[in-house]
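Thanks for coming. I have one structure to show today, and I will keep it short.

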Amino acid sequence: MSQITETLTTLTLNGTDLRGPFEYPASWDNQIDRHLTPAIGTQIKSGVQLSDILNNDKLVHELAVLISRRGVVVFKDQNLNEEQQAKLGQALGELTGKPKDSKLHIHPLTPDFGEFGQAPAVFNLDDKFNQDNYDEEVEKSEHAAENWHTDITFENVPSDYAILKMHTVPAGGDTLWSSAYTIYDKISPALRTFLSTLTATHHAPTFQDAKRKYGITFRGEKPEDVGRGSDENRGAKLQASHPIIRTNPVTGWHGVFVNKCFTKKIDGLKKDESDALLNYLYHLQNSHDAQVRYQWSKNDVALWDNRTTTHCCTLDTTGPRAGNRVLGIGERPYYDTKGSSRAENLKSKGLAF
């Protein structure tokens, strides 16, 4: 795709061609307005347009590295259109060495629902989707923290990068992100070692409910269908098993890879054991020093790394809330014994970020 991809260090792990880890991209320092918290979140200066860097592979590569290190990066008042958003979503992964057959995710429920954009990979994220997936008599939790999730972890090959542009912004509806790196750093070495040997099953029962309610066929369910961004993301089960400790190939840092919406059970443990461990990890995800909270303005764009963050929307909106989301498909999650803790790696280099 570009000259820069020909010079990146190649790492082969379990037959998958990965690239990295990469150092902090100092070239973006002049464009940074502020780091939102020490653990996670960076805001770029007003006036910097993502549409202006789309054809600069070096800058896109370095932006991807910044996102992977900081978890989420926010750009204000963007003119990025849907086609450009999709192009950027694919480029972020390609320019950091994702597998060649990983494209953009296509939601299992497309194209039967009207809330999706014309481009299948562009998801129109709005209130209607949640309303349609629950019958009125079903009582839902009113605790926003119940909605912490990482996008599409029910897929065999889940997302690397996400891009969300909010075009309809009410009062309320802030988004919070939690750093999987910071959660890992809070865990004792003995528990880290144990967790690194485990996998957990991820499942999407909400989408299964929608399938039964509407009698639809999932995208990728039919043998002749294309996969949902990867040939490995097929079928109607929407279930996958992933390591609990995941290494990000871009940074080489370990993070805790579970989320309350989709992670259902730790494989090989009894239910009570699994519930106890998962609830402890979810408790850590709620730690304030692992989080950033962002208040949206119209046409803001947030880009985050789904491999090492969880996020949720605050359910206090006073009106319609909508935006366009693109998800890149990355690599199969893995744990690399050569990886490191974020905090320990930064400390060894005398760095804060």
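Predicted model: local features only at pLDDT ≥ 70, side-chain atom pairs only at ≥ 80, totals over all residues.

Residues are numbered from 1 along each chain as its sequence is written, and side-chain values use heavy atoms, with hydrogens and water left out.

First, the pair. Helices here are DSSP runs of H or I with at least four residues, and strands are runs of E with at least two, numbered from the N terminus. The axes of α1 (residues 57–70) and α2 (residues 82–94) come within 9 Å and cross at roughly 80°. That makes α1 roughly perpendicular to α2, a term covering 65 to 115 degrees. On the α1 side the contact (heavy atoms within 4.5 Å) is made by Val60, Leu63, Ala64 and Ile67, and on the α2 side by Leu88, Ala91 and Leu92.

Next, α7, residues 271–285. Buried means under 20% relative accessible area and exposed over 50%, with a 1.4 Å probe and protein chains only. The buried residues of α7 are Ser274, Leu277, Leu278, Leu281, Tyr282, Leu284 and Gln285. Down the axis of α7 they fall within an arc of 155°, so they line one face of the helix. Exposed Asp272 and His283 sit on the face turned away from that buried side.

Last, where is Ser102 found? Ser102 is in the loop between α2 and β6 (122–126). Ser102 is buried, at 1% relative accessible area. Leaving aside neighbours within four places in sequence, Ser102 is in contact with Gln90, Val157, Gly229, Ile329 and Gly330.

Methods:
Axes fitted to C-alpha atoms, helices over the stretch in contact; angles between N-to-C directions. Parallel < 35°, antiparallel > 145°, perpendicular 65-115°, else oblique. Arc of directions from axis to C-beta.
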